[in-house]
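Hi,

Here is the structure I said I would pass on. Have a look, and my notes follow below.

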Amino acid sequence: MPHSDLLPGVTERFCAPRVACDPRPAIQRARRRALLVDLAQLMLVALVDAMLVRWPSAHVPFLTRHESIVLVIAINGLMIAFVWLTRAFPKWSAQRIASTWCAAERNRLRSR
């Protein structure tokens, strides 16, 4: 008697897996929430930049104005890199895991 359970990521054309629940609404909510958090973080960075530019005497204690601006630019770069990497690492990880899947599942992952 053949066993009908399929491994995660494995599909057969004649035996599509049955859907027990639809995770799409939860995934969309999580993506929206993550987008809002990212936008809030980037807006905070932009507000600090605007304050530094509009207020000529603003500087970090024990640093000159020029050194303070260089520090803020470095923090901006780190913040943008952090926001980008929090989105890129999970995708890279999923692609690495998907390398063990069938070709149809790998193509489905790449199409997203």
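Leaving aside its neighbours within four places in sequence, which residues is Met 79 in contact with? The model is a predicted one, by the way. Met 79 sits in helix α2, and beyond those neighbours it touches Gln 41, Leu 42 and Val 45. Asp 38 is 41 residues away from Met 79 in sequence, yet their C-alpha atoms are 9.7 Å apart in space.

Now for the helix pair itself. Helix α1 covers residues 24-54 and helix α2 residues 65-98, and they pack at about 170° with 11 Å between their axes. An angle over 145 degrees counts as roughly antiparallel, so that is how α1 and α2 run relative to each other.

On the α1 side, the contact includes Ala 34, Leu 35, Asp 38 and Val 53; among the α2 residues they meet as a group are Arg 65, Ile 69, Phe 82 and Arg 87. Sorted by type, the residues of this contact come out as 12 nonpolar, 3 polar and 4 charged.

Cheers

Key:
Residues are numbered from 1 along each chain as its sequence is written. This is a predicted model: local features need pLDDT of at least 70, side-chain atom pairs count only at pLDDT 80 or more; totals for chains, interfaces and linings use all residues. Side-chain values use heavy atoms; hydrogens and water are left out. Axes are lines fitted to C-alpha atoms, for helices over the stretch in contact, and angles run from 0 to 180 degrees between N-to-C directions. Helices (H or I, at least four residues) and strands (E, at least two) are DSSP runs, numbered from the N terminus. Angles under 35 degrees count as roughly parallel, over 145 as roughly antiparallel, 65 to 115 as roughly perpendicular and the rest as oblique. Contact means heavy atoms within 4.5 Å. Ala, Val, Leu, Ile, Met, Phe, Trp, Tyr, Cys and Pro count as nonpolar, Asp, Glu, Lys and Arg as charged, and the others, Gly among them, as polar.
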